[in-house]
Amino acid sequence: MQLILSKLAFLKNRDELRKVIANTGWLFFDRFLRMGIGLFVGVWVARYLGVKDFGTLNYAISLVSLFSAFATLGLPSLVVRALTQNPEKREQILGTTCLLQLIASLGSLALVIITTLVSKSGDKTTLILVALLSSAWIFKAFNAVDLWFQSQIKSKYTVLAKNTAFIITAIGKVLLINNEAPLWTFAGVTVLESVLGALGLIIFYQSQGSSLLRWRWSFALAKTLLKESWPLILSTFTVVIYMKVDQIMLGNMMGSQAVGLYASAARLSEVWYFIPTAVVSSIAPSIYKAKQESIAAYSKRLEQVMRLLVYSAILIALPMSFLSAPVITGLFGDGYIAAAPILSIHIWAAVFVFMGVGSSTWFIAEGLTQLSFLRTLIGAVINVSLNIILIPSYGGVGAAIATVIAQAFSSFLSNAIHPKARQIFLIQ
């Protein structure tokens with residue numbers, strides 16, 4: 001605890017200290033609640049569906065995830081920065097962001113359905129799952145409200161809105177299990193969560209004296225955002241490739257059974273990824289401000305945050321690696337025992353994921369989003385290449401090895417290649 005507090009020392013005597021701590025607390029409450037309930041219900045769903053159907057569902061989720069970058073247009077971090085620097089332009093920024101993402105969501109929905117028809121011709125189950133899951137993007141366009149709350153360090157409203165939706169749909173999944181519902185209904189519940197989450201955000205936004213009716217479109221702003229966001233779109237797309245392509249390749253090369261085993265291990269590994277996101281989303285505004293005030297303070301904050309994140313990842317990976325077998329069988333049952341060695345390897349990707357999230361603020365603050373794309377492209381190419389080599393011989397274990405190596409190159413080693421990125425490499 002003393003170590004953690006020392007890493008937060010850069011905020012002492014700052015007016016935003018209490019605000020940042022409270023905001024981070026809300027975000028951690030959000031993620032811990034989701035981690036607890038989500039893991040419990042997710043495991044229950046996995047047990048109910050069985051390895052094969054659970055693999056089919058996760059294959060569809062992974063396929064939809066590949067196109068999520070195009071639905072969001074890589075705007076969230078840029079919009080938070082714009083709102084932090086120009087809060088008086090809130091209505092223009094939020095209105096433009098929402099409409100851009102709504103248009104992009106509709107286009108992405110059509111694209112992923114066409115892709116499924118081509119790649120999974122005749123597989124009606126996968127097509128239905130993909131169509132339902134991707135339709136949730138339409139309602140996530142209203143996450144623009146969340147970006148405003150982030151910029152004002154008021155994430156408690158987002159937490160309340162989205163967790164209400166999350167709890168309602170978690171109860172819905174339990175009811176589906178008890179009533180022996182078919183596979184497609186579990187994808188339908190995901191859409192319902194997006195609808196309820198959007199409604200909650202709008203209600204809280206309106207309750208603050210604001211109104212969506214005052215939002216307005218700006219072609220000039222849209223052009224500016226898209227000009228800067230395209231590297232982030234490609235970067236996010238390549239991130240998703242090396243985060244999700246393993247399950248798609250496993251499904252195509254080894255079948256749904258292999259995907260189900262891998263997905264169970266990945267779920268326990270990736271459930272911790274909320275930690276760097278919660279920390280960075282709360283501290284990012286203060287880092288942007290520090291860059292304008294003092295380069296020394298700016299560098300020190302980045303270093304302290306990075307150290308805190310890496311130590312946290314190691315403390316998670318060590319016990320999970322050694323206890324993978326009892327954790328897997330205790331949660332998912334003996335039918336998933338083959339996922340234990342996958343988990344013991346995959347969990348170490350957390351160290352590099354935490355590094356990557358920690359450095360993302362630096363790339364945005366420095367205006368080097370093109371380099372961010374380059375490093376993720378390197379990771380994606382390495383992951384796909386290693387999957388082609390390792391999956392046929394080692395299955396899910398090979399995919400886990402590929403993921404860890406790809407994350408290491410993408411989030412850490414690739415920063416040593418370009419001269420402009422060596423500052424963050426040295427900090428890491």
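Q: Where is the place of Trp-184?
A: Trp-184 sits in helix α9, residues 184–207. Helices here are DSSP runs of H or I, at least four residues, and strands are E runs of at least two, numbered from the N terminus. Mind that this is a predicted model: local features need pLDDT of at least 70, side-chain atom pairs count only at pLDDT 80 or more, and totals for chains, interfaces and linings use all residues. Residues are numbered from 1 along each chain as its sequence is written, and side-chain values use heavy atoms, with hydrogens and water left out.

Q: Is Trp-184 buried, exposed or partly exposed?
A: Partly exposed, with a relative accessible area of 48%; buried means under 20%, exposed over 50%, and partly exposed is in between (1.4 Å probe, protein chains only).

Q: And what does Trp-184 touch?
A: Leaving out residues up to four places away in sequence, Trp-184 touches Ile-128, Leu-129 and Leu-132, where contact means heavy atoms within 4.5 Å.

Q: Switching topic, which residues touch the most other members in the largest nonpolar core?
A: Ile-328, Tyr-336 and Phe-354, out of 100 residues in that core. Helix α2 (residues 17–65) gives the most to this core, 13 residues. A nonpolar core is a set of buried Ala, Val, Leu, Ile, Met, Phe, Trp, Tyr and Cys residues joined through side-chain atoms within 4.5 Å.

Q: How many helices and strands does the protein chain have?
A: The chain has 19 helices and zero strands, and 55% of its 428 residues count as buried.
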